Amino acid sequence: MAKWSHDKNKAALFKTRSDVFACVGDLAGVRVMTYTEHDRDLVYNLVKENFATPAGKTDFDTERKEESARIQRDKSNFYRATHMQVCLRPEHLTDGYLNLKGSHCEIQITSMLAHVWNEIEHDMRYKGDSRALSDDEVLMLDSLGLMTKSGDHIISSLINANARRVEAQRQQEILSKGRIKDVRALSDALEKHFGATVWGKSPSYRLNADALWDTVEALKLTQPKDLFQVLSPSLLQNTVKQTIPAFSRYLKRTDQIRPKLAAESCDLFLIALLEGSHATIAGLAKTNRGPAKRHLFFAKAFVDFRSSQEA
């Protein structure tokens, strides 16, 4: 404000105390720093979900600073941030927050590396006298700005490379050790082996996986090579095209609608396994575990289903 008071055009904006609050959007401000530039949009969406746009402004007065004409004209300005104006939603203006009605706050979202340049440049050039900076200072600010941009790309690449390596190690551990050890490993093995679609179906490899896992364990098919030898392409094609539609009609006709058979889940593989093993699964002892009941129900229903076809 002291600096602006010496600028004739800006000083003219402030005739009363209320003009300060109307014109200066960052008297109250929050800076959110993210690991990567990609996370900026994620935070932006979270802010929109949790706050309201102040009166007189549109869409939170959002501005991606690096896209503004002023910064694009200045090749030495590496400021990168998303600025938003927010206020509390009406439902949050309760009890001790009633005095905040109409008050607004600026939220600045930037990456951690961009924040470093922002702060240094803010203190040296924006708050100070930029004309007093030496050529070396200007050069080093420019170099730091370029380093933060490349650094953001390196951080994103590093995070992605680390995620790929960890996942590859986990997948390799599953396959190298042979045995599928748990329901999560089963889902991962199925997805890796079959991909996104199975004969026109896009199964969720997590949905109803518990019941399938109990069946796989009961049939001693925990070795991937054994499991996928049984779950052959021809068996799955027949399951999708013929068995599931016919079995679904039988369940509906006999009023056995709960639990509901979901063809685009692990039920697809469960029904495929029941094709040759329904009697074995139906003969298993009942347990009190919720997911286990599902495969026993379908196994017993499948026994009756095949009997009805033979009658």
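Close-up 1. Aspartate 61 counts as partly exposed because its relative accessibility is 40%, where buried stands for under 20% relative accessible area, exposed for over 50% and partly exposed for values in between, computed with a 1.4 Å probe on protein chains only. The model is predicted, so local features need pLDDT of at least 70 and side-chain atom pairs count only at pLDDT 80 or more, whereas totals for chains, interfaces and linings use all residues. Residues are numbered from 1 along each chain as its sequence is written, and side-chain values use heavy atoms, with hydrogens and water left out. Aspartate 61 has a positive phi near 55° although it is a residue other than glycine, and it lies in the loop between helix 3 (38-50) and strand 2 (63-64); helices (H or I, at least four residues) and strands (E, at least two) are DSSP runs numbered from the N terminus. Aspartate 95, also a residue other than glycine, has a positive phi near 50° and is found in the loop between strand 3 (82-86) and strand 4 (105-111). At 70% relative accessibility, aspartate 95 counts as exposed. The peptide bond from arginine 258 to proline 259 is cis, with omega near 0°, and proline 259 is found in the loop between helix 10 and helix 11. Most residues other than glycine have a negative phi, and most peptide bonds are trans.

Close-up 2. Helix 10 covers residues 233-253, and its 21 residues should span 30 Å at 1.5 Å a residue, which agrees with the 29 Å between its end C-alpha atoms; the expected span is 1.5 Å times one less than the number of residues. A kink of about 50° is centred on threonine 239 of helix 10, the bend at a residue being the angle between axes fitted to the seven residues ending there and the seven starting there. The buried residues of helix 10 include Leu235, Leu236, Thr239, Val240, Thr243, Ile244 and Phe247. An α-helix has 3.6 residues a turn, so residues three or four places apart point the same way. Helix 10 is followed by aspartate 255, whose phi is positive, near 60°.

**Close-up 3. The largest nonpolar core.** This core has 43 residues, and those with the most contacts inside it are Leu190, Phe194, Leu212, Leu227, Leu231, Phe247 and Phe269; a nonpolar core is a set of buried Ala, Val, Leu, Ile, Met, Phe, Trp, Tyr and Cys residues joined through side-chain atoms within 4.5 Å. Two or more residues are given to this core by each of helix 7 (183-194), helix 8 (209-218), helix 9 (224-230), helix 10, helix 11 (267-282) and helix 12 (290-310). Helix 11 supplies the largest share of the core, 9 residues.

**Close-up 4. Salt bridges between charged side chains.** A salt bridge is a side-chain nitrogen of Lys or Arg within 4 Å of a carboxyl oxygen of Asp or Glu, and by this rule the count comes to 13. Aspartate 188 forms a salt bridge with arginine 206, the closest N and O atoms being 2.9 Å apart. Because aspartate 188 lies in helix 7 and arginine 206 in the loop between helix 7 and helix 8, this pair ties together parts that are 18 residues apart in sequence. Aspartate 188 is buried at 3% relative accessibility, whereas arginine 206 is partly exposed at 45%. Aspartate 267 forms a salt bridge with arginine 294, with 2.6 Å between the closest N and O atoms. Aspartate 267 lies in helix 11 and arginine 294 in helix 12, so this pair ties together parts that are 27 residues apart in sequence. Aspartate 267 is buried at 0% relative accessibility, and arginine 294 is buried with a relative accessible area of 14%. Salt bridges that share partners join Glu37, Arg40, Arg80 and Asp152 into one network.

Close-up 5. Isoleucine 159 lies in helix 6 (residues 135-176) and counts as partly exposed at 38% relative accessibility. Together with Met33, Tyr35 and Met112, Ile159 makes a nonpolar surface patch of about 410 Å², where a patch takes residues with over 30% relative accessible area and no salt bridge, joining like charges within 9 Å and nonpolar side chains (Val, Leu, Ile, Met, Phe, Trp, Tyr) within 5 Å. Leucine 141 also lies in helix 6, and at 3% relative accessibility leucine 141 counts as buried.

How values were computed
Accessible areas come from the Shrake-Rupley method with a 1.4 Å probe; for residues, only the protein chains shown count as cover.
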